[in-house]
Amino acid sequence: MKKHIIFDLDGTLIDSMPVWKNIAGEYIQKYNLNAPDNLNEIVKKQTLPETAAYFKKQFSISKEVDEIVTEIISMVAQQYRCAVPLKPYAKQYLEKEKQNGSKMCILTASEPSYIFSAMKRLDIIKYFSFIATCTEMGLTKNDREAFSITMQRLGGKKENTIIFEDALYAIDTAKKDNFYVIAVSENTRAEDKLQIQQLADRYIYSYKELL
């Protein structure tokens with residue numbers, strides 16, 4: 001049976017999480033504001049516009065949401081354009097699945113304005129039928145519909161669709177909707193890692209395990 005594969009991007013295919021780990025705090029520091037200790041936990045479940053709206057409300061920033069989004073993008077875009085690497089053996093796995101006739105796509109909470117530059121540099125756009133973003137869909141990965149709609153667009157069914165993810169909240173959503181999920185190891189909190197390992201159908205430390 002032909003596989004249909006939905007990949008997350010950040011932390012799953014590309015090793016971009018170090019870029020994002022401190023970006024929220026750096027943005028808040030830019031305005032000399034005090035970030036809460038759990039800031040990264042709050043924003044990691046949000047799309048970029050949601051994060052910008054949270055900043056505006058929580059810290060009474062006088063800029064419009066679109067302006068905040070633009071500022072954050074400008075802070076990370078250079079890293080995506082020049083430095084963010086692929087996860088080890090990710091490209092080899094993509095090539096293997098392409099040769100096997102699998103249909104693949106991206107579902108990401110990130111924005112086209114910076115992810116395409118990284119994907120072009122890394123030469124991986126050719127592997128995907130399309131790239132879906134949560135912002136364009138008007139959904140987050142807390143919404144089951146995000147995965148279901150993407151699956152339907154890819155032409156798959158539950159029985160032949162695999163989801164690759166690294167984030168606990170997204171894995172939890174996909175499993176609640178009875179998807180088969182392969183979790184990719186990322187530098188998460190120990191308690192999150194344990195929950196991910198319990199939820200996912202398979203947990204990998206490297207794509208080499210799938211070659």
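Me: At what angle do helix H2 and helix H5 pack, and is the pair parallel or oblique?
Reply: In this predicted model, H2 covers residues 23-30 and H5 covers residues 65-82, and their axes sit 11 Å apart. The angle between them is about 120°. Roughly perpendicular stops at 115 degrees and roughly antiparallel starts over 145, so H2 relative to H5 comes out as oblique.

Me: Which hand does the crossing of H2 and H5 have?
Reply: Take the two helices as a crossing pair, H2 against H5. Their crossing is right-handed.

Me: Which residues meet where H2 touches H5, and how many of them are nonpolar?
Reply: From H2 you get Ile 23, Glu 26, Tyr 27 and Lys 30. Across from them, H5 brings Ile 68, Glu 71, Ile 72, Met 75 and Val 76. Sorted by type, there are three charged residues, no polar ones, and the nonpolar count is six.

Me: How many disulfides are there, and how far is the sulfur of Cys 134 from the closest cysteine sulfur?
Reply: A disulfide needs two cysteine sulfurs within 2.5 Å, and the count here is zero. For Cys 134, the closest cysteine sulfur belongs to Cys 105, and that is too far for a bond. The distance is 12 Å.

Me: Is Cys 134 buried or exposed?
Reply: The cut-off for buried is under 20% relative accessible area. Cys 134 has 1% relative accessibility, so Cys 134 is buried.

Me: Where is Asp 192, and which residues does Asp 192 contact beyond its sequence neighbours?
Reply: Asp 192 lies in helix H11, residues 190-199. At 6% relative accessibility, Asp 192 counts as buried. Setting aside neighbours within four places in sequence, its contacts are Glu 41, Lys 44 and Leu 168.

Definitions and conventions: Residues are numbered from 1 along each chain as its sequence is written. This is a predicted model: local features need pLDDT of at least 70, side-chain atom pairs count only at pLDDT 80 or more; totals for chains, interfaces and linings use all residues. Side-chain values use heavy atoms; hydrogens and water are left out. Axes are lines fitted to C-alpha atoms, for helices over the stretch in contact, and angles run from 0 to 180 degrees between N-to-C directions. Helices (H or I, at least four residues) and strands (E, at least two) are DSSP runs, numbered from the N terminus. Angles under 35 degrees count as roughly parallel, over 145 as roughly antiparallel, 65 to 115 as roughly perpendicular and the rest as oblique. A crossing is left-handed if the near helix is turned anticlockwise from the far one by less than a right angle, and right-handed if clockwise. Contact means heavy atoms within 4.5 Å. Ala, Val, Leu, Ile, Met, Phe, Trp, Tyr, Cys and Pro count as nonpolar, Asp, Glu, Lys and Arg as charged, and the others, Gly among them, as polar. Buried means under 20% relative accessible area, exposed over 50%, partly exposed in between (1.4 Å probe, protein chains only).
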